[in-house]
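Let's take a look at how two protein chains sit against each other. Have the sequence and the 3D view open while you read.

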Amino acid sequence: MSIVGKERIEVIAQSIGITNLSPDVALSLAPDVEYRLRDIMQESIKCMRHSRRTTLTADDVDSALSLRNVEPIYGFASGGPLRFKRALGHRDLFYIEDKDLDLKDVIEAPLPKAPLDTAVTCHWLAIEGVQPAIPENAPVDVISVPAEAKKNEQKDDNLPVDIKLPVKHVLSRELQLYFDKVTELTLTQSESVLFKEALVSLATDSGLHPLVPYFTCFIADELHQLMPSVVTCLVAKRLGSRLADNHWELRDFTANLVASICKRFGHVYSNLQSRLTKTLVNAFLDPKKALTQHYGAIQGLAALGPNVVRLLLLPNLEPYIRLLEPEMLLEKQRNEVKRHEAWRVYGSLLRAAGQCIYDRLKIFPTFPSSLPHAVLKTNARVLMSSPYKRKASLEQLEEQPPLKKTNTDGEVGVVLTNSSPSHKQGEAGTQASSVDSIIGSSSASEQMKNDTISNAVVRSNKVDTRSWKTSAALAQVWKDELNSGRILVSLFELFGEDILPFIQAPELYMFL
Amino acid sequence: MEEDEIAGYVTAYLKKKGFTQTEKIFQEEFQTNKTNSSPLEPDIAKHILSFSQLESGPARFHDGYSRLRSWTHCSLDLYKHELLRVLYPVFIHCFMDLVAKGHVQEARHFFNTFREDHEMMHLRDLQKLEGVLSPTHLEEMEFAHSLRQSKFNIKICEYSYELLLQHLHSTQSTTILGIINEHINFQVTPGQPSSIVDDPEAVTLSGSSQDAANQINQKEIHWGLLEDSLEERLEKASSLLSDSEKGEGEAKEGETEENKKRPVEGGKQGASIKKVKKDKGGSATGKNTKAEVNTVSAAPRVKPELPMPIIPSEVEQSILEDLRNRVQLSSVALPSVSFYTFLNTHNGLSCSSISHDGSLVAGGFSDSSLKVWDMAKLGEQTASSLSQDENDTSQNPQMGQSGGGKRQYTLFQGHSGPVYAASFSPVGEFILSSSADSTIRLWSTTYNANLVCYKGHNYPVWDVQFSPVGHYFASSSHDRTARIWSMERIQPLRIMAGHLSDVDCVQWHANCNYIATGSSDKTVRLWDVQSGECVRVFVGHRSMILSLAMSPDGRYMASGGEDGTIMMWDLSSGRCLTPLIGHTSCVWSLAFSCEGSVLASGSADCSVKLWDVNTSTKVSRAEEKSGNASRLRSLKTLPTKSTPVYALRFSRRNLLFAGGALAKNG
């Protein structure tokens, strides 16, 4: 019940060397000790209050003791609060840790830093009743009930109850001005020194936090307004008034810009990329759209990364190439400009697909064991690209181990159906080179390269066929690789050897 | 029943109670009356019997109290809250009776069983009483002593009273009945039970009994302002101006006319010449109709009871200039607040004070030092001022400028204990500081030196305040007195004794004829400076009083307590107008704006709150008689960044200055 019991008095007596304390004395001493203790605490609290504190310190107890003309207890005059430790095995027994200090350590320790001297600073806690948003003030309570509403309420009922009205967002006039100024700067003179300073203030000033939602809205709005125009630059039918304007470059640039916007804001603005790709894919898949638009769409998609290309472009590649093919041929498309455009589109497609496959292959570690399969597959298709070897390739397919046959079977159909365009393409190439005319020299040189590479392929094919047998156990690796292999194969079908420069030399060797 | 038998019981009872005189008289009377006595009524006989059968054991207190308690809790809702009030006094007296009889263990048990009931209302009292463990403590402890000496006053309606008595008689709880008779003073009112709102006043106890307090509060006080104040002069000047320029509304002119005459007659020496005032009330009623804005001028005028110091004319000019530039504050026009934050105080700042123009800030520290910052110079920090300070050091060894360096403040050293209060003179050329070393020191800010050390108190001096006109000051101390001093005498002029515990804070009335003191005994007292008498006792706080403020029109007083409540008092009636609930921790400081429309309060909960004074005073004027006033409206809470607010000061231009030490971890 009481804080100080008879037992404690006995313990204290023992600790100071009184062994023969009679129980009567302890019994009558205990309540008195408690009374004195409480008395001292009461006075300590007074001292604490007059020191304008809400935590009791050892100093307060000392002052209280001196009020009672008692010698203060020495040794507790540290400024900091005492750290009490719980005694092991006791629930409510505490002690103050008193470490042994080595005098040598104390002497040798560097002098502690001199404490900073007291200083007074001045700031506005409120200006005409409104707290300015400055770092010195506590974060402003922006959500506050307007004064008028409060007053009305007070008049209405005599009951002195503060009823919280629906919250209203109140921005100070200064903040509004600030916001207007910054947004104006952003839109008009984003290169100026002033704007840079504004950015610094935006980044550091804690008082601006009520504006954060507004700025977020502003940026989102601007982005909304920005994106359509950017996308227009990418997929517009005609850019620039004159035909000679180099709109291709603009499209390339825009594609990169779009990609960087997506990269920068995609994570905070989640549906940005999906919306963009949707627009682009629509443009790409619409056969009525001009080739320039297709070009822009392809470039845009390509810039968004290989994954986008793989998921959105490649599945549509075959039909598209079929559409594109006639445009590229001299005999079918007499309009030089149109044909040029078609070649441009072809080039961009090639690049996109090439990038994609390059990226795809890059992620594979070099796995020599799987090499034969890859080689087998690619070889099979490579051979197909040249029409006179098609038969051979078919034979090779049949020679494949039954394990993989199921996989390849599906492709065979594709290969067969698709072989004609690629064949034609080859023809076109040869024609172009043989005709030796209007078509850009690039295509001619490409054709040259094609020839040399295919020769090389044929040569290496012979070498590689030897190592066929090592395969079967590594089915798993094969499966992983199958996808990329398949992509590569189909690409090869579509582009012929054009795709090969995109495959890095080591990989190329792996495949060839 | 035999008469002898009864007589035997009675004598036994009287003996037991120790009423030897009564016993003797009873015996005599019994003998003389024996022959012609009428037979006693049976129920009286029964009563007498029951008295004699009193169980002497301590259990009867416990039983009696618990019976009363359960009965009260089961009583009718309408009367319940009135009956509940009875429990507390019964409870503490049961406890003290038990202690007094030496049943300490039982007393402890009793106390702990029922203490929860009263913790909400009387926590601090219970904490004090808890320590009472032997009969000697009862004698020794002031609080217990005063409880034993005085009676509780409980307002109760007729029916509740009847109910209570009926219950006590029917259960024959004579012990409890005895306590109630001995220690409770029922004020039985006819009609309906009082509403719960009155609760805080319902159970009150002051050192002298409530009657005495009421009696004190009957005394007449003149709360009006000093005649020929500077405000008045300004008003006169401005009204003259407006008269000449616009020939403004006649009503106003007429009003100011009568006000105008007096100071003109008195002239400049009006202050020193003691002029008898004839119509105190007259001007008040005439003025009351005037616009609310000028509450100050609405107050009646009184003559000063102290010889007033003469204000130098240049100071007067600057004050007048300030008054002319004063911003009018109201519930819609809130003040600007400039906050002075003390940094790196290392928990040592125990008080702070701001001069009337806000240019000087003083901090009293627990290391006995007083530091004064000149906020105007803080920006410049000229080297010349520093060197000048050092010159002073050679003359005054008390000055601690020898450290030199780039100190931004003036260090005043001289005290030998924590400095608990500091106060600037109205013009700012002097500072007073009071300390735990029981002295008050007067410092000059112009010479940066200690001028006088006032010794008179025997214990730490908690608070010191300059009077509104300077020259005089009041101090309050742990020795339970407040004292009035003048700067030129080292002995106090008056000693105000009467508080039952420490006098924690002191504040001057606007007209310098009164001082108010707040105490740990939870009362505020108003003292007449001239006579040294207590003229008002304000009862109602539930914790020690830490801060006081007087409205500029002299009519109201605000007091802030340890528990965060602020109370607004009407000085003339001695009533609490409105308790202001809002702060969650100690209210360190209070300040009225210069025209009295806004009250600012600074608290340990790290906020400054602004309260609307006008709403409450308007209402109170209308319903003064009924004593029904609505609560003061909280206008605004201005939170600081973890800085408890130690000091507040409205400048003469109505700019609010606040000061506090930044607390590191919230």
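Start with the meeting place of the two chains: 47 residues of chain A are in contact with 68 residues of chain B. Keep in mind that this is a predicted model. The area buried between chain A and chain B comes to about 5,100 Å², and carbon and sulfur atoms give 56% of that.

What about polar links? Between chain A and chain B there are 21 residue pairs in polar contact, counting pairs with both residues at pLDDT 80 or more. Which parts of chain A do the touching? The elements that give two or more residues to the side facing chain B are helix 2 (23–50), helix 3 (58–67), strand 3 (119–126) and helix 5 (147–156) of chain A. Helix 2 of chain A has the largest share, with 13 residues. Sorted by class, this side of chain A has 18 nonpolar, 13 polar and 16 charged residues.

Now for the charges. Side chains of opposite charge can pair when their charged atoms come close. A search over all chains turns up 17 salt bridges in the whole structure, and the count between chain A and chain B is four. Here are two examples to find, one across the chains and one inside chain A:

| Salt bridge | Distance (N to O) |
|---|---|
| A:Arg49 and B:Glu562 | 2.7 Å |
| A:Glu43 and A:Lys46 | 3.4 Å |

A:Glu43 and A:Lys46 both belong to helix 2 of chain A, where they are three residues apart, about one turn of the helix.

The chains share strand pairing too. Strand 3 of chain A and strand 6 (residues 337–343) of chain B run antiparallel and are joined by seven bridges.

Finally, a look at chain B in the records. In the model, the span 412–444 of chain B is 0% helix and 61% strand, and its end C-alpha atoms lie 10 Å apart.

Conventions:
Residues numbered from 1 in each chain as written. Chains lettered and ligands numbered in written order. Predicted model: local features only at pLDDT ≥ 70, side-chain atom pairs only at ≥ 80, totals over all residues. Heavy atoms only, no water. Contact = heavy atoms within 4.5 Å. Buried area = accessible area lost by both parts, 1.4 Å probe. Salt bridge = Lys/Arg side-chain N within 4 Å of Asp/Glu carboxyl O. Polar contact = N/O pair within 3.5 Å; in protein donor to acceptor, adjacent residues only side chain to side chain. Helix = DSSP H or I, 4+ residues; strand = E, 2+ residues; numbered from the N terminus. Nonpolar A, V, L, I, M, F, W, Y, C, P; charged D, E, K, R; others polar. Pairing = 2+ DSSP bridges.
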